[in-house]
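Reader: I'd like to learn how to read a few features of a protein model. Could you walk me through them, beginning with the core?

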Amino acid sequence: MGGSGDHGHDGHDDITREELFKEFKPSIKYRFTSIVASIIDKPVSLFHEKVVNRVRTPYPYYHKRYDRVPTIDQCLTNDLACIEEANQQFHRDRLVDLNVVRILRKRKNECMRWYNYEKEDVYQFCGPMFTEYEDAAVNYYIKYGELHWSASVVDAFMKQKHRLLWEKRYGPVGKTSDEKKKLAAAGDKATKEGNFISKIREIGLSRDIPKEIHL
């Protein structure tokens with residue numbers, strides 16, 4: 001079963017105790033690489049210890065702060081680097097805002113449990129927490145509502161643009177009475193325009209209709 005000569009059972013060379021514990025003598029190659037590594041590493045380590053650590057304000061690793069970059073409305077359409085940085089910043093802000101809403105909701109629920117869901121006590125002592133949570137939830141929905149989790153900063157920017165156009169035409173969102181009237185008027189107007197275009201098409205003048213409104 002054993003090997004012949006100086007080889008062991010597994011085909012490896014046997015190492016004696018003297019060879020295992022003998023003094024280490026570095027080779028020329030090892031000495032050369034150590035010298036080069038010291039020349040490169042020591043100035044950098046010295047600068048880091050004497051300058052960087054003294055100037056930089058220490059902060060926990062889980063509170064890393066990212067420098068703010070230009071938002072998407074400040075980027076040129078062909079500046080891909082700026083758009084990508086704005087997109088990464090958008091996703092970070094979305095996570096931060098989401099966790100803010102979660103924390104406020106947790107505080108509200110804990111306050112309600114503390115007072116055993118008694119309405120009078122809840123309204124008296126938990127009222128500010130309700131207000132903070134509702135404001136944060138509304139603002140979060142205004143900015144990120146109805147957007148897919150993989151939506152980019154461009155999608156959010158277009159959402160904000162459409163909302164501003166809507167409010168410019170029909171007023172702030174939430175005014176139900178005026179909003180319903182204007183919605184009904186806009187629907188009637190669109191129906192009339194559609195009927196007018198249909199009549200023109202029936203007559204045979206569709207070639208004179210602009211391409212954008214061809215149905």
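Author: A nonpolar core is a set of buried Ala, Val, Leu, Ile, Met, Phe, Trp, Tyr and Cys residues joined through side-chain atoms within 4.5 Å. Buried means under 20% relative accessible area, exposed over 50%, and partly exposed in between, using a 1.4 Å probe and protein chains only. In soluble globular proteins, nonpolar side chains tend to be buried together. Here the largest nonpolar core has 15 residues, and Phe90 and Val101 touch the most other members. Helix H3 (80–114), helix H5 (127–144) and helix H6 (153–170) each supply at least two residues of this core, with H3 giving the most, 5 residues. Helices (H or I, at least four residues) and strands (E, at least two) are DSSP runs, numbered from the N terminus.

One caution: this is a predicted model, where local features need pLDDT of at least 70 and side-chain atom pairs count only at pLDDT 80 or more, while totals for chains, interfaces and linings use all residues. Residues are numbered from 1 along each chain as its sequence is written, and side-chain values use heavy atoms, leaving out hydrogens and water.

Reader: How many helices and strands does the protein have?

Author: The protein has 7 helices and 0 strands. Of its 215 residues, 15% count as buried.

Reader: Which residues is Val101 in contact with, beyond its sequence neighbours?

Author: Contact means heavy atoms within 4.5 Å. Leaving aside neighbours within four places in sequence, Val101 is in contact with Tyr133, Ala136, Ala137 and Tyr140.

Reader: How should I read Arg94, and what is the nearest side chain of opposite charge?

Author: Lys and Arg count as positive and Asp and Glu as negative; His and the chain ends are not counted. A salt bridge is a side-chain nitrogen of Lys or Arg within 4 Å of a carboxyl oxygen of Asp or Glu. Arg94 lies in helix H3 and is buried yet has no salt bridge; the nearest side chain of opposite charge, Asp155, is 8.0 Å away. A polar atom of the Arg94 side chain lies 3.3 Å from the backbone oxygen of Leu147, and one lies 3.2 Å from the backbone oxygen of His148.

Reader: What about the backbone: what is the phi of Glu146?

Author: Most residues other than glycine have a negative phi. Glu146 has a positive phi of about 65° although it is not a glycine. Glu146 lies in the loop between H5 and H6, and counts as exposed because its relative accessibility is 72%.

How values were computed: Polar contact = N/O pair within 3.5 Å; in protein donor to acceptor, adjacent residues only side chain to side chain.
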